[in-house]
Amino acid sequence: MFQQEKAFCIAVAGSGFYTYKDYRPRSRFNDTMSIRLWEAACVASELQKAGKEVRMVVSIYKPGFASEKKEEAVRDFLRFTSVSDIELILVEDARNSREEVAAFQKICREDEVPILVSSASHMPRLMLCSFLKIWVEIK
């Protein structure tokens, strides 16, 4: 699987981010977002083991909270997985599924295979937004 492809863009949808000052960085994610990040890390790890280039795009919508703190939280979370150094890109302005998909499509390069990670309840909306965006571009 994916033997010919060389590069992958793992897009993690959703927010679930706490801004409480006394929380450790890796503890700033709610359970749903933690599961999404864990699954994305598992995929990234396997791709890295296969020698593939992997970038991770994570959507965290928390206006007014420092970008550095959001990135620190994701990196701190990933430290407890088998993901080695990875290019991390934050999407901070997507307020809904449609905006997340648009941001992911702008960030993921043409030479990358996009892999969308979300929860089972959120995935149908993301897939619909992806389909509608592609459909509009074709027409």
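## Ser118 and the basis of the model

Ser118 sits in the loop between β4 and α4, where helices (H or I, at least four residues) and strands (E, at least two) are DSSP runs numbered from the N terminus. With a relative accessibility of 16%, Ser118 counts as buried, a term that means under 20% relative accessible area, with exposed being over 50% and partly exposed in between (1.4 Å probe, protein chains only). Apart from neighbours within four places in sequence, Ser118 is in contact with Ala13, Arg36, Met123 and Leu126, contact meaning heavy atoms within 4.5 Å.

The model is predicted, and local features need pLDDT of at least 70, side-chain atom pairs count only at pLDDT 80 or more, and totals for chains, interfaces and linings use all residues. Residues are numbered from 1 along each chain as its sequence is written, and side-chain values use heavy atoms, with hydrogens and water left out.

## Helix α1

Helix α1 covers residues 31–49, and its 19 residues should span 27 Å at 1.5 Å a residue, which agrees with end C-alpha atoms 27 Å apart; the expected span is 1.5 Å times one less than the number of residues. At the start of α1, a side-chain oxygen of Asn30 comes to within 3.3 Å of the backbone nitrogen of Thr32, while after the helix comes Gly51, whose phi is positive, near 80°.

The buried residues of α1 include Arg36, Leu37, Ala40, Ala41, Ala44 and Gln48. An α-helix has 3.6 residues a turn, so residues three or four places apart point the same way. The elements covering the buried residues of α1 include β1, β2 (53–59), α2 (67–78) and β4.

## Helix α2

The 12 residues of α2 should span 16 Å at 1.5 Å a residue, and the end C-alpha atoms are 17 Å apart, which agrees. Lys70, Ala73, Val74, Asp76, Phe77 and Leu78 are buried in α2, and the buried residues of this helix pack against α1, β2 and β3 (87–91).

Glu100, which is found in helix α3, counts as buried at 5% relative accessibility. The side chain of Glu100 makes a polar contact of 2.9 Å with the side chain of Ser59; such a contact is a pair of N or O atoms within 3.5 Å, in which, within protein, one must be able to donate a hydrogen and the other to accept it, and residues adjacent in sequence count only if both atoms are side-chain atoms. Not counting residues up to four places away in sequence, Glu100 touches Ala13, Gly14, Ser59, Ala94, His122 and Leu126.

Arg55 lies in strand β2 and is buried, with a relative accessible area of 7%. A polar atom of the Arg55 side chain is 2.7 Å from the backbone oxygen of Ile107. Leaving aside neighbours within four places in sequence, the contacts of Arg55 include Phe8, Ile10, Glu87, Cys108 and Glu112.

## The largest pocket

The largest pocket has a volume of about 310 Å³. On a 1 Å grid over the protein atoms alone, a pocket is an open set of points where a 1.4 Å probe fits, with protein on both sides within 12 Å along at least five of seven lines, and lining residues have an atom within 4 Å of a point; points are joined across faces, edges and corners, and the volume is the space filled by probe spheres set on them.

Of the 14 lining residues, Phe104, Gln105, Cys108, Pro114 and Ser130 lie nearest the centre of the pocket. β1 (7–12), α3 (97–107), β4 (112–117) and α4 (123–138) each supply at least two lining residues, and the largest share, four residues, comes from β4. The lining divides into nine nonpolar, two polar and three charged residues, where Ala, Val, Leu, Ile, Met, Phe, Trp, Tyr, Cys and Pro count as nonpolar, Asp, Glu, Lys and Arg as charged, and the others, Gly among them, as polar.
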